[in-house]
Protein chains: 2
Amino acid sequence: MGKRVRLVDVARAAGVSQGTASNAFGKPHLVRDELREKILAVASDLGYRGPHVMARMLRTGKAGALGVVFPDNLEYAFSDPVAIELLRGIGRECARQAVNMMIISAENQEQAVSAVNNAAVDAFLVHCYSDNNEIIAAIRRRNLPMVGIDTDIVGATATVVLDDYEGAATAARHLLECGARKFAILSLQADEQGQFGLMDARRRGSVSHRVVRERLAGYHAALRDGAIAVADIVHIECENLSENVRAQVVALMAEFPDIDGILAMSDVIAIGALEGLADIGCAVPGQVRVVGIDGVARGARTTPPLTSVAQNSVEKGRIAAELALAGEDVAEPVLLKTRLLVRGSSTDTTVS
Amino acid sequence: MGKRVRLVDVARAAGVSQGTASNAFGKPHLVRDELREKILAVASDLGYRGPHVMARMLRTGKAGALGVVFPDNLEYAFSDPVAIELLRGIGRECARQAVNMMIISAENQEQAVSAVNNAAVDAFLVHCYSDNNEIIAAIRRRNLPMVGIDTDIVGATATVVLDDYEGAATAARHLLECGARKFAILSLQADEQGQFGLMDARRRGSVSHRVVRERLAGYHAALRDGAIAVADIVHIECENLSENVRAQVVALMAEFPDIDGILAMSDVIAIGALEGLADIGCAVPGQVRVVGIDGVARGARTTPPLTSVAQNSVEKGRIAAELALAGEDVAEPVLLKTRLLVRGSSTDTTVS
DNA sequence: ATATTATGTTGAACCGATTCAAAAAAATGT
DNA sequence: ACATTTTTTTGAATCGGTTCAACATAATAT
């Protein structure tokens, strides 16, 4: 049970100063070849395992890691297809910059705060929907670069968001062109708690999640331009889980059988809607037309294939990671463009 | 641009020793309430951000993080459904134990070695298929607990694997019962390089990936019991990507039109096979029966739904994380059981 | 041969906490 | 009032490196 061999032990054994021994490992070009090899040989003899990671971090102040936080829901990060794409993009940029990826994990708010406080990282990436959050406050206290994804966090170094307004408007315009006149909007949850079911005007007026607010505004603007009154739209707040939406849509169609256009704020929701419509034998796109947002891979395999306003989540994650690691303030949010992906759930004509 | 406020500054300003100031943060019960509140107040006034993470790590030697390494293929970790389930399980256990999850990321072998060397973690989890690897050597050098998933790593603290032999045998027995007599085995890649295409007996004899070796043995044993000669089985080595397998299967059926049973070593491969069979209008399960391994969610939605030998990858990840964080040597590999999930790709009778 | 520049090495300061034996203060028992 | 026990507080040692100004040596220029 000998003690760990330290750099100073190596230096002594090799008869050099500690500074030189350090350079032999960290800045090899500063040490004469012959001497460096001797030092390395001595180190190897002594069983030195190389510089102690934590000691190096303390001295240099660099952790070599990017913190990734999903405050809303942590298990969720590994089940939602969009979150996984985000992670893939983050991972890609981390690999490029030779930085590790620290996923902050916790079971509850309190634990998350201490997880944030104990994370040895150089910057934080936060994916969430709104700001009023203990965890965000803890991150802010760390005084490290912090980049928000899909949300405006007050005091963030940078923010990366989808052009949600325009994306939603595109979806709505598309359904109008396809001939839909009676719309249902299947919203993502509007705030931390979520009140699933019919969404009245008051609730729509106090949406705290940026994504939901913007998409709602985009839908409404486009529909108004198509001479649809907002009051005639049915709004439903959904959990982002296909299974739950499926049942909600069955109920929705029972109550409002004349609905012929469904605007879903995510593909997961849209897929749930397709399943629900299939359950009640409702023809898509014959009777009801459906369009989602995200453009997830699975949408290509549903029956009918899902029309969606696609985003590039991998790239979103990558850019966010890049900005976080750069650490420089970016005043304006980075706005990512969407792309309409027309498939069978909105119109028959484009059967490939 | 003042310097960072340190604990010693707080201690001085509050008129207490540094030790007491430290306790006020880390071991509150050791400090008189009144005094602790005063220290915290002074700290807050001075703008102290709380104990420096890296300094604490250096002193205590605890990183509060679990390293997760995917040496074979890093982008892959976020695209393979099984790997994601594994990550979910690891995340779950990390959350339970209030430990963060450090994903080691790198673009190449060399970078990965230094990523491993720079990771401030308390233990490593390695998911890969074989041992002869620079990265594994680097991890071993760190002298931290190391748990292998799906592979035997020499010198690992513990190993968690599927009961691959029995699982494969189950799959083969099932197809025999369904009446298949002429078999193709679609193998995962056999070693680091992978030689995709027909797999001759020599190559089958020198498989370095444990998973492949075991599953092959399991298939063969069961088929031999069913009076099928190994020489009559067609072996194909596949990349674990549905798209590639799809084309391989089209070619396979052209060359061996009498094949009526396909044993796929993963569901991703099996799904590719279903697609390829659909391309050439081959009836499943009428003409060819297919069974995969893994039991991924998507298998429930293919046409026909995929029969598979299911494993619980989430639990596999969770157990591995638990063992890594415990850090105690476990001599025998932990063997996880499989469960046959009969669906439409192997037999018509069980249409639900 | 001497001045100048480039290269290699040294040694002490520093990064910022936690820990623990010992001292001080407060509480309890007789 | 004194001895004993318990609770608080202290202060210095320690974790294990990296950095940088200063010094020494070697190489090149004049």
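**Where chains A and B meet**

Let's begin at the strands: β2 of chain A (residues 100–103) is joined to β2(B) by three bridges, and the two run antiparallel. Strands here are DSSP runs (E, at least two residues) and helices likewise (H or I, at least four), numbered from the N terminus; two strands pair if DSSP finds at least two bridges between them. In this pairing, A:Met101 stands opposite B:Ile103.

This is a predicted model, in which local features need pLDDT of at least 70 and side-chain atom pairs count only at pLDDT 80 or more, while totals for chains, interfaces and linings use all residues. Residues are numbered from 1 along each chain as its sequence is written, chains are lettered from A in the order in which they are written, and side-chain values use heavy atoms, with hydrogens and water left out.

Now step back to the whole interface. Here 44 residues of chain B are in contact with 44 residues of chain A, contact meaning heavy atoms within 4.5 Å. The chains bury about 3800 Å² between them, 59% of it on carbon and sulfur atoms; buried area is the accessible area (1.4 Å probe) lost on putting the two parts together, summed over both. B:Met54, B:Phe78 and B:Asn100 supply 18% of the area that chain B buries against chain A, more than any other three residues.

Four salt bridges are counted between the chains, each a side-chain nitrogen of Lys or Arg within 4 Å of a carboxyl oxygen of Asp or Glu. One salt bridge joins the side chains of B:Arg92 and A:Glu75 (2.5 Å, N to O).
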